[in-house]
Amino acid sequence: MTKEKSDRKVVIPGEVIFEGEEYLPGEGTEKRENKIVAIRYGLAEESNGLVKVIAVSGVYQPRRGNVVIGKVENLTFYGWQINIDSAEGAFLPLQEVPGFVSKEELAEVMDIGDMVAAKIIGVSGRGVDLTIKLRGLGRIDEGLIIKVNSNKVPRVIGKEGSMINIIKEESGCNVTVGQNGLIWIKGEKIEEELLVKKAIEFIIERSSSHGLTEEVKEWFDKEKKEMKK
Amino acid sequence: MTKEKSTAFKRPDGRKVDEMRKMSAKVGIVPNADGSAMFSFGDTIAIAAVYGPRKMHPQHSQNPEKGTLRCNYSMLSFSVSDRIKPGPSRRGMEISKITEWALEPVLMLYKYPNMVIDVHINILQANASTRCAGINAAALALAHAGVPMREMVSSVSIGKLDKQLVVDLNKDEEDWEEGEGATDIPITLTQDGMLTHLQLDGKITSKELKEAIELAKKATKDIYEVQKKALKDSLNEEEDK
């Protein structure tokens, strides 16, 4: 955290981040004459001359490669429209579903109201394209889905997945975290699923404290003792 | 000569002619909104909440060229000493529209075709300059929601009491009756000194109006610092915890 503080700074729209020709404007920034100016609120970061502003608030912004969880909103002739809680709508085309699906049987694979875990393969001006051709993706049939603030998702996952691995190990549940803030918890027993839900709520509440992974381990020990009683 | 005037002129609350009321600002006050902020000038308190960008409904209102900004200003019934009827009013609708116009030039709405950004401004407590406090709060809330903006905007009301220009009117000054009476001029500016909004009803010469804008430029510098501090503090606090 201390390292993060030294090379990242909070910027507001219109603020000059760097001055000089050697810098390039990245995401969330703009070049005006020889100045790099922030166009959104967030943390400014510079690497090899490329300056970008990392978002810290606001609605979820879809990015290629993100795994998201969404709800089927509508069926078309060519695929499914999925609501992923972002400003743009998302689309899952027929070709991106494993196996052959006849155009008449779309509703049998996924119907309106079904939840689905998918990966973003492209973000264009018109919307977001999804795929479920990978392991662990597809329609969600059972388990628990909870919603958290999408800006807190990195905390739930932790550094290189440290936090999410603790949750999985301690609870024995399978947890899929969508970058859009929806989290799918699937366990053997409902008690285990609820424990994960409680753990995630605990993480969100204390999301800004240091050494949270250790704290979460202790929290699990305490909770498990209480459950046995 | 102006200096002589300023020392001679007495404002009802004893402020100097270019002195603002105490300002305060805070972001992130509405947990369910995508962005939110509070801004106050003395006893005037405004809160703003931003929802979106999200898809515009109904579909026929969508603009495929650029996103839409929708503001909603309302004074809460307990904001003034005489209870005011809650709900939309002629005045509220006008100020909502004015707020949209004041904010739109700095927003990069072309990034959000077919979408809408909703800004709800509520006045908790009113002591004149409510639209300015509302615009300041809305600008903060939009920044907090991560909406791309070319710049921040800051708004202040300049008043002409009889023949004297003053900054940041309060209710007593708004009702000034001596001499030529009061003229209220709400002005919204960016940090580059670009005007996005200016309203005027009353009597003023063009020379005085230019002076008023210069006065507003000075005043908005202070407001900008308050806004900047509010945004920076909210993130730094979170990291310090």
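## Ground rules

This is a predicted model, in which local features need pLDDT of at least 70 and side-chain atom pairs count only at pLDDT 80 or more, while totals for chains, interfaces and linings use all residues. Residues are numbered from 1 along each chain as its sequence is written, and chains are lettered from A and ligands numbered from 1 in the order in which they are written.

## Chain A overall

Chain A has 6 helices and 16 strands. Here helices (H or I, at least four residues) and strands (E, at least two) are DSSP runs, numbered from the N terminus. Its C-alpha atoms take up a box of roughly 55 × 55 × 25 Å along the principal axes. Of the 229 residues in chain A, 34% are buried; a buried residue has 20 or more other C-beta atoms within 10 Å of its own, with C-beta atoms placed from the backbone.

The chain is split into domain 1 (7-55), domain 2 (67-140) and domain 3 (144-228), with bounds that come from an automatic or database domain assignment. Between the C-alpha centres of domain 1 of chain A and domain 3 of chain A there are 34 Å. As for contacts in chain A with a separation of 6 or more, 56% are between residues 24 or more positions apart. Two residues are in contact if their C-beta atoms, placed from the backbone, lie within 7 Å.

Strands pair if DSSP finds at least two bridges between them.

Strand 2 of chain A and strand 5 (residues 35-38) of chain A run antiparallel and are joined by 3 bridges. Across that pairing, V16(A) sits opposite V37(A) in strand 5 of chain A.

## Strand 8 and its two partners

Strand 8 (residues 67-75) of chain A is connected by 5 bridges to strand 11 (residues 115-124) of chain A, in the antiparallel sense. One pair to look up is I69(A), whose bridge partner in strand 11 of chain A is A117(A).

Strand 8 of chain A also pairs antiparallel with strand 9 (residues 79-83) of chain A, this time over 4 bridges. A hairpin with 3 residues joins strand 8 of chain A to strand 9 of chain A, and V72(A) faces I82(A) in strand 9 of chain A.

The opening pair belongs to strand 15 of chain A and strand 16 (residues 182-186) of chain A, which pair antiparallel over 4 bridges. In their hairpin, with 4 residues between the strands, G181(A) takes a positive phi near 100°. Strand 16 of chain A is mostly covered, with 4 of its 5 residues buried.

On to the sheet itself: 3 strands of chain A form an open, antiparallel sheet in the order 14-16-15. Strand 14 (144-147) and strand 15 (174-177) of chain A are the edge strands, each pairing on one side only. Neighbouring strands here are turned by 20° against each other on average, direction ignored. Strand 14 of chain A is joined to strand 16 of chain A by 4 antiparallel bridges, and I185(A) turns up again as the strand 16 bridge partner of L144(A).

Chain B has 5 helices and 9 strands, running α-β-β-β-β-α-β-α-β-β-α-β-β-α from the N terminus. Its radius of gyration (taken over C-alpha atoms) is 18 Å, close to the 18 Å from the globule rule (2.2 Å times the number of residues to the power 0.38) for 241 residues, so chain B is as compact as a globular protein of that length. Buried residues make up 48% of chain B.

Where the chains meet, 19 residues come from chain A and 27 residues from chain B. The chain A side consists of 10 nonpolar, 7 polar and 2 charged residues. Nonpolar means Ala, Val, Leu, Ile, Met, Phe, Trp, Tyr, Cys and Pro, charged means Asp, Glu, Lys and Arg, and the others, Gly among them, count as polar.

How values were computed: Buried ≥ 20, exposed ≤ 12 C-beta atoms within 10 Å, placed from the backbone. Axes fitted to C-alpha atoms, helices over the stretch in contact; angles between N-to-C directions.
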